[in-house]
Amino acid sequence: MDRESAKARIEKLKHEINRYRYAYHVRDKDLISPEALDSLKKELFDLETQFPQFVTADSPTQRIGGEPLKEFKKVTHATPRMNSLNDAFSKEDMESWFTRLKNFLGRSALGDFYCDLKMDGLAVELVYKNGIFVSGGTRGDGLVGEDITQNLRTIEAIPLTLQDSERPIPKELVIRGEVFLTKYEFDRINKEQARLGEKIYANPRNVAAGSLRQLDPKVTASRKLDFYAYGAIGEGLAYLKMYPTRSAENKSLESFGIKVNPDGRRVKNLGEVITFWERWAKHREKLPYEIDGIVVSLEDKALHERGGIIGKAPRAAIAFKFSPREATTIVEDIKIQVGRTGALTPVAELKPVGVGGVTITHASLHNMDEIERLGLKIGDTVIVSRAGDVIPQITKVLHEFRSGKEKSFVMPASCPVDGSKVTRDGVAFKCSNPKCGARHREGLYHFFSRKAFNIEGLGPKIIDRFLDKGLITDAADIFILKEGDIAALPRFGEKSAKNIVLEAKERSQVTLSRFIYALGILHVGEETARALARHFPTKNLKEFLVKYSKLSLDNLKSVPDIGPKVGESIVGWLKEKAHINFLKKLERVGVSFKGDITLKSFSGKLSGKKFVLTGALEGLSREAAKEKIRMLGGEVVESVSKKTSYVVAGTDPGSKFDKAKKLGVKILEEKEFLKLLT
DNA sequence: CCGCCTCGAGTTCT
DNA sequence: CTCGAGGCGG
């Protein structure tokens with residue numbers, strides 16, 4: 001980036017970040033998620049590092065902590081001050097932290113670590129004198145915070161008197177921990193807000209913070225806040241010596257009746273820290289509250305103390321953050337992809353950004369309507385997330401970041417692959433040439449894909465090379481390829497050549513339904529192919545040619561789920577001369593049929609029952625589960641409705657689970673499901 | 001004709 | 001997984 005545009009971008013970032021902060025802090029409005037805001041701050045920080053001449057004192061990156069509000073009395077914290085934590089975002093960050101710490105302490109080993117979940121809440125300090133809760137405050141600037149004692153008293157998880165314990169209760173005990181809100185409470189409060197026509201909150205953290213800052217403790221009490229402690233200080237070193245490790249300290253806190261996070265663990269080494277982090281990154285959705293990472297510290301408290309403080313964070317502890325679920329980035333360009341059906345799909349090319357543990361560089365924009373709905377132009381700053389935690393998607397365009405240099409995207413009038421005219425079909429724009437190179441290519445990928453001929457090792461990359469070298473012109477050619485032809489290609493070994501030939505021969509016999517699906521007829525997917533195979537069974541390709549070319553629209557419409565549109569598409573496909581020739585060629589090269597496993601639905605104990613699967617099952621694959629259900633006469637469908645009999649929920653279920661709950665559909669766990677199968 | 005239930009098609013990265 | 005749209009019953 002050149003100097004001038006960097007300067008302009010820095011200005012824009014500063015201005016917008018301040019605007020978002022103002023909206024949130026002063027006007028109590030959420031314009032943007034904290035994660036997206038972090039993402040913007042990071043961009044600003046990076047740019048300022050690159051162009052230090054543009055750093056100003058009023059930059060959001062120069063700000064330290066929040067100042068206490070006027071309405072609350074101030075409290076001065078116990079020593080050591082209430083620190084924040086340094087962040088690590090990757091395993092590499094963790095390794096360098098580990099090495100630095102070892103060097104600093106001059107030790108070859110650091111002993112065990114304590115891993116705690118990093119709650120996304122509000123840090124507070126509680127003071128107990130002779131076992132009685134006397135005061136509590138927010139972190140503030142680390143030295144002085146707001147006195148929110150009255151509000152903290154309303155939190156049931158915070159005992160007003162410490163429980164009798166076999167351990168001596170110290171005269172003064174200072175506890176630090178996190179006040180947070182469960183997702184359940186958050187939803188309840190938001191529903192209530194909506195009912196009252198009040199503002200909807202963006203995330204539980206904001207509500208927790210807002211609730212603690214209430215001047216009226218009754219409001220705080222109505223929001224069932226929760227609390228976990230993560231440490232204690234009291235009467236200086238004497239206390240430290242009594243409980244020399246984090247684990248021991250936690251035990252003693254629990255014996256006093258103070259909750260600590262039950263999922264915290266003592267681990268042996270950095271490898272186990274990373275395992276702990278990965279496990280929770282994956283399972284964090286299952287917790288009743290939000291976490292944004294883990295906190296790693298030394299189990300040995302004395303050693304931790306020796307690490308001291310760098311800046312305003314302890315050296316011997318670190319926040320190992322998860323990759324955010326959404327981030328901001330820039331749309332650098334919009335390219336067009338032509339699919340199997342000829343649809344032109346616009347795809348955004350993004351400035352690479354980490355989201356949910358992977359680096360995102362592309363995101364589909366689906367169609368022109370979507371681009372208009374978002375109000376997106378090339379060069380825009382956008383928020384990206386991952387739908388269903390997998391597929392990257394642009395959820396919002398931050399129009400305030402426009403510099404005026406953005407360019408509108410225009411759907412081309414002619415196909416970028418072969419130049420044919422582009423026509424509009426519903427929301428889609430399509431290349432009008434059925435023989436368009438891109439369509440042919442995509443059709444080939446489809447033909448050999450998992451649900452069709454399922455030839456392993458014959459993915460898009462390999463097919464491309466075969467096509468480009470003229471080794472094949474259509475799918476049928478794959479079955480007459482010679483080992484020598486393949487091995488002659490650069491970067492192709494004899495072994496892989498042999499494999500492909502062998503695999504093709506093995507897979508040249510398929511079920512009729514797979515065969516029909518492979519043809520890639522518009523509107524004929526897995527289910528419709530299955531229905532066709534069931535209604536018009538044929539033993540071999542010769543018979544198929546005769547029987548299917550005679551099918552009339554009325555014949556087809558007698559099949560359930562086939563109406564005029566689908567019927568028309570099938571008849572049209574079969575009439576095409578080129579397709580007939582292709583079918584004949586397939587027969588010549590030895591493609592043949594074998595019986596479908598479950599063509600007829602017969603009555604079993606599950607007949608008449610409809611199943612929907614969501615989440616991953618432990619014991620068996622999704623395909624195996626479907627097969628089992630079908631064997632017993634049950635039906636497997638893809639979406640939940642009132643007619644669904646059961647939703648089988650594995651680990652990490654998706655939106656179908658929520659829908660089932662809403663519709664009151666019976667939900668089966670894996671165990672119950674297996675019981676039903678036997 | 002409307003509304004519900006399904007199916008089809010497209011999608012990213014490791 | 002999500003969206004759009006085809007099929008079908010009322």
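Predicted model: local features only at pLDDT ≥ 70, side-chain atom pairs only at ≥ 80, totals over all residues.
Reader: What makes a residue of chain A count as buried, and how many of the 678 residues do so?

Author: The criterion is 20 or more other C-beta atoms within 10 Å of the residue's own. Of the 678 residues of chain A, 30% count as buried.

Reader: How do you know which residues surround DNA strand B?

Author: A residue is near the strand if its C-beta atom lies within 6 Å of it. For DNA strand B there are 33 such residues, and the closest are Gly339, Thr345, Gly525, Glu527 and Thr528. Two or more residues each are given to this surface by β15 (344-355), β16 (358-364), β18 (391-397) and α18 (526-535). The largest share, seven residues, is that of β16.

Reader: What is the make-up, by class, of the surface near DNA strand B?

Author: Eleven residues are nonpolar, 14 are polar and eight are charged.

Reader: What makes α3 and α10 a pair in contact, and which residues are involved?

Author: Contact requires C-beta atoms within 7 Å. Lys91, Met94, Glu95 and Phe98 of α3 make the contact with Leu270, Val273 and Ile274 of α10. By class, five of these residues are nonpolar, none is polar and two are charged. Lys and Glu count as charged, so Lys91 and Glu95 are the charged residues of this contact.

Reader: How do the axes of α3 and α10 cross?

Author: The axes of α3 (residues 91-105) and α10 (residues 270-283) come within 11 Å and cross at roughly 145°. The crossing of α3 past α10 is right-handed.

How values were computed:
Residues numbered from 1 in each chain as written. Chains lettered and ligands numbered in written order. Buried ≥ 20, exposed ≤ 12 C-beta atoms within 10 Å, placed from the backbone. Helix = DSSP H or I, 4+ residues; strand = E, 2+ residues; numbered from the N terminus. Axes fitted to C-alpha atoms, helices over the stretch in contact; angles between N-to-C directions. Left-handed = near helix turned anticlockwise from the far one by under 90°. Contact = placed C-beta atoms within 7 Å.
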